Amino acid sequence: MCSLALFPPPLPSGQTTLCESNNELLSGTSTEDRPKQESSPLSLYFPRESLKLHSRTESSSKAAFLDHSETLWMRSAAAWRDGGLTGLLTEITNSHTEGINSPVSCSPAVPKWLSVSSGCTLALLRWISSFHGSLFPHLTLSSEDMIAEFSQVLNWSDCVVRAFSWHPHTDKFAVALLDDSIKIYNPKSATTPTLKHRLQRSVAAVQWKPLCASALAVACQNCLLVWHVDPCSLSTRPSSGCAQVLSHPGHSPVTSIAWSPSGSLLVSASPVDTAVMVWDVAAESCVPLQRLGGGGVTFLSWSPDGSHVLASTPSTLFRVWETRMWTCERWPCVKGRCQSGCWSPDGSRLLFTVQGETVIYALTFTDAPGSRLYSGPQAAAVVADLSETTFNTPDGDIIVGGEIQSLSWDPRGERLAAVDRPAIIAVFKTRTNPIFELLPCGFVQGEPGAEPRLMQFHPNFQHGALLTVCWSTGRITHVPFYFLSTGVPHFGLSGSPLLPRLQERPSAFANQSLFTELIS
Amino acid sequence: RAAASIAWAVLLLPPITAVFIILSRFSFLHPIHTISVIPTIACSKIALLGQLLHPRQFVSSVVHCIMGIIVAWCCAITIGGRYETLGYPCIQSDGSPQMCLNEYQLILLLAGAFVGFSHSLLGVIHNMNYVSFHTVQQYKYLRFKGSLPLVVKCSAIQALYSIRNYIVVYFFLGYIPRAWICKTLNLHLTSSAHPLDSIAGLLDLSLFYHLWISATFLLFTWYITLLLFRIFVTEVYSFPVQSSFTEDAHQCLPKVLLTDKQPMILKFLALQDLALLSQHSPSRRCEVFSLSQPGGHPHNWNAISGECLSLLADLTQRLVAYHDTVATNGRAKSLSTGSERKTSSETSGIPVSPLTAPFTPDLDSPFASPALRRLTAPVEQCSPWHGTVQSPHIMRRAPKLWSTSTGERRLMEDRSLRSNKHCRIQFELNRAVKNFLAKRVLIMYLFNKLPEASSQALFADSQAHIWALEGLSYLVQASFSEDHFGVVQTALPSILSCMLVLQEAVDRHFKLPHASSKPVRSTSSIGDSTYKTLRFALRATLKTAIYRITTTFGDHLNAVQMSAEHRKRLQQFLEYKE
C-alpha cells in the first residue's frame, strides 16, 4: 500500500502552495498572489545574515582567555564549577604535564601521585561511561547533538527558526531563533518583545500555557524557563526577572515540553533522564515519574482532552501515560524509536511514526477514564505509507516520500500534515467521526530551494485550518485550508464545543480513500 | 559483621516503628492531632521561641529523646564489640575488681538522645507536622518508591549534621552526664582508657562512623513513618455525592464539605475529591447537577457551590482586612481619627473561622501571663507594621511606630487624653519602658517580623481555596454541555463576581513588599515547604479558573448580570489581556 501514489503530483519548480480552496490546493509564483484575508497573520522572514550568531562555542573561547597563572585551587574550583567531577579530574591530570612543559608558569606543580591517580580515575570513569554508552548510544552525544537528534525540527542545528508556538487562544505566536532569542509577534500590537536570558541556550521547544495570556515555557539546554510576558506591557525587552527557572539535577538538555490542556501542569523530558518531570510551575516543584528502560525520554505530547500523554524514548519503546493516576502502558516498537506523534482532538486516537519506517501507525484508546483495563487493539494499525514514489511531471521525474520527521493534526481533526525526510509536507484529509478515514489532499511546497523544517497548525482558525511552516531559508509562511467542517461537533483545545456549521457543503472528497477504519 | 548489623537493622525496623507508634499514642500525641494540613507559621522569632518552649513541644522532645536512647541501645547491641554493655569488669590500680563505665556505649546512647531532641526541634522549625497534598495523584506504592531515595539522602545528611553538633556538645559538656551516670549506677572510670571528651578520643573515625550510622538509622525510621503517614493520609478518598439511604447522608460530599466540626483533614479530603470529580468523572458531575427527587431542588449543587463561595469570600475578606491594616499603618495620620478607624477595623476585625487558626494567638502558650501577652499579642496577631519594616530608616523610627501600632495602645492613648493625670503618667512610664526595650538589639531581633511570614500565614490554608476554585471552574465548564436543568446558570453571576473580587484582592496583596519574593528552594529536607509557595499557586489557579470560564462561555457572558467594574475586568479576560 503506497499512499503517495494517490496524491496529486507535486508542483513544478517555481510554484508555491498558497492555500486550499474549493477542495484543491492553489499555487502561485509569488506571495503577492495570495488572496487577501483579514485573518491571515503576518508572514515573517529571518535572513540568516541578520542574526548575530555566536562565532564560537564557549569551550573553544575559554582556552583563549584562561589565565594560566591562577593557582591550582582556583583552577580546580573553576573546573569543578564548569565541568563537574570529570572537569576537575581533567584539570588535575593536565596541570601536572603542564608544570613540566612550561617552566615559566608560576602555578605550583601538582604532586605526581595526585595527577596519576586522577588520570586513572578519569580513565575508569570513561570506561564505565563508554560501557553505559554502548547500552544507550545516545548518551555519548553532546547536548547540542542530542537536541538535534531528537528534536521535531528537521535538521535542527542548521535551522534559523528553531522553535515555534501559536498561542492557544489568540493570534500571537512565539518564535525561537538561532541566536537563542525568542520573539513574540502579535498582529494586534505594535511591539514585538524579544526574550533573552542567560540560561536560554539551544532552545529545543517553546509552548504557551493554555488558559493563560502570558506564560510561555521554553525548553533550554540546562533548564526550563517559564516567561511571563505581560500582553499589555509596552516593553520590548522583558527583564530576565520575568522568567522562572525550573531545573532539576540530571534533567538536561530538555528536548520536549507539554502543558496539560487545563493549564495546571507542565511535563518535560530529557534524553538523559529516565524520569518524566511533572512540574507545578507556580510552586516550582516537580514530581519525577521514574520508569526504568528506554534510557531517557525524548518527545512528549499531551492529548487535547488531557487524559493521556505520549512519551517516547531513545530506544525502541514508547509509553502512554494515563494522567489520572499516572500509570503507563509500554508499547515496544519493532524497528526504531518513536519519532513523532499526535492525538486526535477527542484524545481517543494516537497517530505516531517510527524512525526508519515510512508509515504512520494508529492506536485507539477507548478505555473509560479511571479504569485500568485497556480495551483497545493490542497492536497498532498502519494507516498510511509514505514510501518513495516517483511522479512523472513535465519537468522530469520527481521522487517524494521517505522517513517521517514530524506529524501535526489540526485542532478540528480534518487535516493531517507530515514532514518527510527529503523535505516535503504531505497533507491528508482526515475524518474521525463516525469512523476514522484518511484521504489524500496534496503537497505543500515553498519557494525553490526551501525545505520545510517545522510546522504547526493554528489552534483556532475560524475558516478551516491554518498550517504555519518554517522554511530552511528563514521564512515563516501560513498556508490556509479553507473548508467547512463536516458538521460533527468537535472539541477544541479548551474543551468547549465548537458550534456546528450551518451550511454543509456536499462532500467532494477525492473518491480514493487511503484508509478506512473497519468497525468490527 | 557489617552485613549482620544491616540485617539486624532491617529486622528491627518493624518493632521499632511499632514502638514509636505505641509511644506516640500513649503520650496524648495522637498522630491525627499532631499532624495538620494547615501549617503553623511563626511570624517572628519570639513566636517561634514560644512554639519551641510550649509544654506540648517539651513532652514531645522528651519522648523523642527516650526513643532515641532506645534505638541507640538497640544499635549498640547489634553493632556489638566495644559498644555492647554499659559496664565492664576492670581492675583498679589497687588491684580490686569492680565495674567500670564503658564510655563507648554511653556516647552512643547520648547521641541517640541528642538526635531525637534535635529532630523534635527541627520538626517545629521546618513544620514537619504539616502534610501537603500532591498535585499529581499516584498509587501509594509508586509514591513511596519515588520518595524513598529522598528519605535516605535526607536522613544521612541530617544525621551527619546532628552528629557534628553532638560531638561539639559532647566535647564541652560530656563530663556532666558521664559523672552523673557513674554516680547513679555506681560505676568507675578507668584511668587507663582515654576519656572520650578529648580531642584524641573524638578523633576516632570508626566511632564517628558508628555514631553516624546509628543516627541515620534512627532518623530513617522516623522519616519513613512520617512518609508513610503522609502518603496514607493524603490518599484520595471518594465521597459519594448523594446517597439513597438517609443513614449514610452524613458521609456525602456536600455534608462533609459543610460541617466544620470534623478534623480539618476531612474537609480537605472532601475538597480534593470535589476538584477531582469535577475534572475527571462525568457520572459524578451529573449527580452534582441533578435535582432532588420530590421537590426538584438542586440541593447538591447549592451546598457545594455555597461552601466553595464562602471559602473564597472568606479569603477575600481576610486579604482586604490585612491590606487595610497595612495601608492605614503605613501613613502618618492624626491620632484621633486614626484611633477611631483603628478600633473600628479591630472590632470588625479578621473573620473568626476555623480556617483562620494561624491568626488567633496561642493562648495556652507559656507567654500567657498578662504582661507578656501584651508584648506578644501584636506579634502573634501578625500585626502589620512588622511586615512593612524593611529599611533601616524605618527601623530607626521603630519605637514610635511601635507605640502607634497596636489597637490596644490607641485605646489607652485615647483614654489617657480624656481622663486623669494618673493614667497619663502611667502611660508615659509604659512608653518609656517600651522605648527602652525597643532599643535593645536582642529584643528587636526577637520581635522583628520575619519577612514574608505574614504573607505565608495569610495563605496558609490556601490549598482548600485552590481546590474550591478548581472544583467550581471545572463544574461551570462542564455545565456548558452537561447541565440539563440549568442549575449552574443561576449561580454564575455570584461565582464570577466572587472570583473577580478575589482576583483584585490577590493582585493588591502581591503589590505589597515581600509578598512576591520567592522563598529559597530547599531540596535536602524532609519537611514539606509547599506552604511557602501556596500563594503563587493560588494566584495561578485563580487566573486559570477565570480563563476556564471565559473561554468556555465566550460572548455568552455578556448576558450575565454584573456590575460595570466587573464587566470591564471580565472583558480583559475575554480579550486575553490579563
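What share of the contacts in chain A between residues at least 6 apart in sequence join residues at least 24 apart? The share is 51%, where contact means heavy atoms within 4.5 Å. This is a predicted model, in which local features need pLDDT of at least 70 and side-chain atom pairs count only at pLDDT 80 or more, while totals for chains, interfaces and linings use all residues. Residues are numbered from 1 along each chain as its sequence is written, chains are lettered from A and ligands numbered from 1 in the order in which they are written, and side-chain values use heavy atoms, with hydrogens and water left out.

**The two chains**

- Chain A contains four helices and 33 strands; helices (H or I, at least four residues) and strands (E, at least two) are DSSP runs numbered from the N terminus.
- Chain B, in turn, has 26 helices and two strands.
- Of the 520 residues in chain A, 53% are buried, a term for residues under 20% relative accessible area, with exposed meaning over 50% and partly exposed in between (1.4 Å probe, protein chains only).
- In chain B, which has 578 residues, 50% are buried.
- Among contacts in chain B with a separation of 6 or more, 77% come from residues 24 or more positions apart.

**The interface between chains A and B**

- On the side of chain A, 31 residues are in contact with 26 residues of chain B.
- About 2,700 Å² is buried between the two chains, and carbon and sulfur atoms give 61% of this area; buried area is the accessible area (1.4 Å probe) that two parts lose on being put together, summed over both.
- Leu211(A), Arg324(A) and Met325(A) supply 22% of the area that chain A buries against chain B, more than any other three residues.

**Helix packing in chain B**

- Helix H23 (residues 462-482) and helix H25 (residues 534-553) of chain B pack at an angle of about 10°, and their axes are 9 Å apart; axes are lines fitted to C-alpha atoms, for helices over the stretch in contact, and angles run from 0 to 180 degrees between N-to-C directions.
- H23(B) is therefore roughly parallel to H25(B), the word for angles under 35 degrees, whereas those over 145 count as roughly antiparallel, 65 to 115 as roughly perpendicular and the rest as oblique.
- Residues of H23(B) in this contact include Ile466(B), Leu469(B) and Tyr474(B), while those of H25(B) include Leu538(B), Leu542(B) and Ile549(B).
- The residues of this contact divide into 12 nonpolar, eight polar and two charged; Ala, Val, Leu, Ile, Met, Phe, Trp, Tyr, Cys and Pro count as nonpolar, Asp, Glu, Lys and Arg as charged, and the others, Gly among them, as polar.

**Two buried loop residues of chain A**

- Gln152(A) is located in the loop between helix H4 (143-150) and strand S4 (161-166) of chain A, and is buried at a relative accessible area of 17%.
- The side chains of Gln152(A) and Ser340(A) are joined by a polar contact of 2.8 Å; such a contact is a pair of N or O atoms within 3.5 Å, and within protein one must be able to donate a hydrogen and the other to accept it, with residues adjacent in sequence counting only if both atoms are side-chain atoms.
- The side chain of Gln152(A) also reaches the backbone oxygen of Gln339(A), at 2.8 Å.
- Ser303(A) belongs to the loop between strand S16 (299-302) and strand S17 (308-312) of chain A, and is buried at 0% relative accessibility.
- The backbone nitrogen of Ser307(A) is reached by the side chain of Ser303(A) at 3.3 Å.
- Leaving aside neighbours within four places in sequence, Ser303(A) is in contact with Pro261(A), His308(A), Trp343(A) and Gly347(A).

**Backbone features of chain A**

- A cis peptide bond, with omega of about -5°, joins Ser252(A) and Pro253(A); Pro253(A) lies in the loop between strand S11 (243-246) and strand S12 (256-259).
- Asp180(A) has a positive phi of about 65° although it is not a glycine, and is buried with a relative accessible area of 11%.
- Glu284(A), likewise not a glycine, has a positive phi of about 55° and is buried with a relative accessible area of 14%.
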